[in-house]
Amino acid sequence: MPPTPHRSRTALRKALVTLLGGLLPLLAALALGAPPASARAQAVPTATLTEVTGFGANPSNLQMYVYVPAGVGAHPAVVVAVHWCGGSASAMYSGTEWSSLADQHGFVVVYPSVTRAGKCFDVSSPQALRRGGGSDPVGIRSMVDWATRTYAADTGRIFVTGISSGAMMTNVLLGDYPDVFAAGAAFSGVPFGCFATTDGSEWNSACSGGTVIRTPQQWGDLVRAAYPGYTGPRPRMQLWHGTEDDTLRYPNLGEEIKQWTDVHGVGQTPAATDTPVSGWTRTRYGATGDRAPVEAISLQGVGHNLYSWGMASRALTFFGLDGGGTPPQPPAACKVTAAVSTWSTGLTASVTVTNTGTTPVNGWKLGFTLPAGQTLTNGWNAGYSGSTGAVTATNAAYNATIAPGASVTIGYQATHTGNSAAPAAFSLNGSACTAG
């Protein structure tokens, strides 16, 4: 039976009320200025922190938590976020923006959590300071393996970051497992091996006080001893430290720089220095771009608890994960030899780059720093940018590909004011090359 006019008017009124009920909040939001989509996504998480058990070898009984965004990629990157002394996975989850960045960029976050009474990660025992030796690094490696299997993660995009004790663990993990991690970001940490003890203590006062001073090679040898015989590419390292840190004193930043520049075979002189934020001094070693082998950020007048909202985004840029999930250029394995012919005020240099890896290099940029007083005047077999200080040579069309075991030779001419030496360090596509 067809509806009566009275019933039709009643149904129409109900429909209009329902429609207005949905429109009024939207209109109000528009009038008040609704937050952008990115802000709404951060305010309302699309996933939750979830504990994982039975993830693999775990000699120190760590807990594993994982955050997987709703928009996780098909072969996502993995970021391991390591908490501070006295912290926990949940504190790291709620106190940093890694989960909201995962929502935006589609990567997986793994949060290890300590169960021992002190709530500090083991970065001091002999077991922790060698590959497969036991303790916390083994458990964290198992977490990475579990996440890689479970989410078909990209094994070339595994990263680690941490604060304080977590920063120290970041140093340890890059030393123990250079074949697992592509890069790390350590906020208020100390060098690999600096906290080493033999009496079972978790604390090393000499290291925390900034009085453990070694040469770059001595620091580098500690890292190399963690995985003897390893000759593959090394993870890049980003280091953060406040000048007024009274828990892990500021000299530790300089010792970390010594260590990781030596590990990468790049010089102690920065390839670039700038001030991205007032009071910050950023130095980059081995290359000038966002993915230099080593990057250090010194925060003037800042103490131990330096971490603030937004710093993770800068670490994300260093990792190469802020480009919509686009993988970074794979690290290049390379060797460079340079020969210089000089005269009173000038020189010519012949530079040979050899691909020592197992895959072709398709497109390359060779970075190096001219010694003080030298000015590049022309070059051949590459395009050159920069004439003093940091210089980048970019492949020509005819030599863009370097096959495994193959070499390409380029050259340049420069004037000098007395120092006619060849550059001390080179990087290929942001990765340090060994010197020939």
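**Note on a predicted protein model**

1. An open sheet of five strands runs in the order S15-S19-S12-S11-S22, and its pairing is mixed. Strand S15 (375-380) and strand S22 (434-435) are the edge strands, each of them pairing on one side only. The structure discussed here is a predicted model.

2. Within this sheet, strand S12 (residues 346-355) and strand S19 (residues 407-415) pair in the antiparallel sense, over nine bridges. As background, strands of a sheet pair through backbone hydrogen bonds, either parallel or antiparallel.

3. The chain as a whole may now be considered. Its secondary structure comes to 10 helices and 22 strands. Of its 436 residues, 47% are buried. The protein chain exposes about 18700 Å², and carbon and sulfur atoms supply 56% of that area. Among contacts with a separation of 6 or more, 70% are accounted for by residues 24 or more positions apart.

4. The aromatic side chains deserve a separate point. A pair of aromatic rings is described by the distance of the centres and the angle of the planes. In this model the count comes to 14 aromatic pairs. One of them joins Trp-98 and Phe-107, with 6.3 Å centre to centre and 65° between the planes, and this pair is edge-to-face. Are Trp-98 and Phe-107 buried or exposed? Trp-98 has 1% relative accessibility and therefore counts as buried. Phe-107, at 1% relative accessibility, also counts as buried.

5. The ring centres of Phe-159 and Phe-319 are 4.6 Å apart and the planes lie at 15°, so the pair is stacked. This pair links distant parts of the chain: Phe-159 belongs to strand S5 (residues 158-163) and Phe-319 to helix H10 (residues 311-319), 160 residues apart. Both Phe-159 and Phe-319 are buried.

6. Which residues form one aromatic cluster with Trp-98? The cluster consists of Trp-98, Phe-107, Phe-159, Phe-318 and Phe-319.

7. Elsewhere, the charged end of Arg-214 sits over the ring of Trp-219, 4.8 Å from its centre.

Note on methods:
Residues numbered from 1 in each chain as written. Predicted model: local features only at pLDDT ≥ 70, side-chain atom pairs only at ≥ 80, totals over all residues. Heavy atoms only, no water. Helix = DSSP H or I, 4+ residues; strand = E, 2+ residues; numbered from the N terminus. Buried < 20%, exposed > 50% of the residue type's maximum accessible area, 1.4 Å probe, protein only. Contact = heavy atoms within 4.5 Å. Areas by Shrake-Rupley, 256 points an atom, 1.4 Å probe, with all protein chains shown as cover. Phe/Tyr/Trp six-rings, centres within 6.5 Å; stacked < 30°, edge-to-face > 60°. Lys NZ or Arg CZ within 6 Å of the ring centre and 35° of its normal. Pairing = 2+ DSSP bridges.
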